[in-house]
Amino acid sequence: MESFGSRLHRATRERGPLCVGIDPHAALLARWGLSDDVAGLERFALTVVEALADRVAVLKPQSAFFERFGSRGVAVLESTIRQSREAGALVLLDVKRGDIGSTMAAYASAYLNPDSSLCADAITVSPYLGVGSLQPAFDMAAGHGGGVFVLALTSNPEGASVQHAVGAGGRTVGQTVIDEIAQVNVGAEPLGSLGLVVGATIGATGHDLSKVNGPLLAPGLGAQGGSPADLREIFGESLRNVLPSYSREVLGAGPDVTSLRAAADRAVTACSAVIG
């Protein structure tokens, strides 16, 4: 069974370093001329899949924008995941789950067990009940070739008050998360399957990402203010492992399929010029 890290490494080499979010919020549906209901949601998601799933390395549906429509919205999410993977894109499901014990195990089974209709290639998780609480997700990912991206240094202004807080050992909370994930990825080739989420707008923070040996998801590019050039300052020698993530900058080009593809191509070109 091929690991997620290996599949991601190959996908970014073949298709370029790019993740595109699928974020069907009400304002974007309106911009596309779509109704803010399940029909509009489905048309939006399927258009993005048609335009991009056969050309970008990773698609990242934000689960909340589907869940807000209840069971019918979740059914659209299931279809979006399935069709994206069938077209060759890896699917990173943005769910940011974090809990303990049997509850975390249930989340892991929902999103990383191939028997689930919501199974994705990887998910995002929150470590703020302790990185150890995420072990069921790590185990499920390891058992089925999946990936897990752990929130570490996020772009939201409120994040720094927690993530930059210094613990008893002198490390920040964010650095502690980084170091624990790095330990799990030791020796993985060509890339570990446990990654981190590090915002593209945080600037130089003094955190050391050099030993992570896993993918570094960098959301916040484009409309949220981050640029590919910013990645050098944030990631330094770990730049080769960065997975840049765009949402509105690419999605805003819709609903025309050709325009969506052109926007994604521009993003890939810009990121490749920095990452290589």
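Helices (H or I, at least four residues) and strands (E, at least two) are taken as DSSP runs and numbered from the N terminus. The structure is a predicted model, in which local features need pLDDT of at least 70 and side-chain atom pairs count only at pLDDT 80 or more, while totals for chains, interfaces and linings use all residues. Residues are numbered from 1 along each chain as its sequence is written, and side-chain values rest on heavy atoms, with hydrogens and water left out.

Lys96, a residue of strand E3 (residues 90-97), has a phi near 50°, which is a positive value in a residue other than glycine. Lys96 counts as partly exposed because its relative accessibility is 39%. A positive phi, of about 55°, also occurs at Asn213, which is not a glycine. Asn213 is located in the loop between E6 and strand E7 (216-221). With a relative accessibility of 23%, Asn213 is therefore placed in the partly exposed class.

Pro190 belongs to the loop between helix H9 (173-185) and strand E6 (194-198). Pro255 sits in the loop that runs between helix H11 (248-251) and helix H12 (257-275).

Aromatic contacts were searched for over the whole structure. Rings of Phe, Tyr and Trp (its six-membered ring) pair if their centres lie within 6.5 Å; planes under 30 degrees apart count as stacked, over 60 as edge-to-face and the rest as tilted. Two such pairs were found. One is formed by Phe4 and Phe149, whose ring centres are 6.0 Å apart and whose planes stand at 85°, so the pair is edge-to-face. This pair links distant parts of the chain, since Phe4 is in helix H1 (residues 4-15) and Phe149 in strand E5 (residues 147-153), 145 residues apart. Phe4 is counted as buried because its relative accessibility is 3%. Phe149, with a relative accessible area of 1%, is buried as well.

The other pair is made by Trp32 and Phe44; the ring centres are 4.3 Å apart and the planes at 40°, so this pair is tilted. Trp32 is in the loop between helix H2 (26-31) and helix H3 (38-52), Phe44 is in helix H3, and 12 residues separate them. A relative accessible area of 6% makes Trp32 buried. For Phe44 the value is 0%, and this residue too is buried.

Cysteines were examined for disulfides, a disulfide being a pair of cysteine sulfur atoms within 2.5 Å. The structure holds zero disulfides. For Cys19, the closest cysteine sulfur is that of Cys271, at 11 Å, which is too far for a bond. Cys19 is buried, its relative accessible area being 0%. The sulfur of Cys119 has its closest cysteine sulfur in Cys19, at 17 Å, and this distance is likewise too far for a bond. Cys119 has a relative accessible area of 9% and is therefore buried.

Key. Buried < 20%, exposed > 50% of the residue type's maximum accessible area, 1.4 Å probe, protein only.
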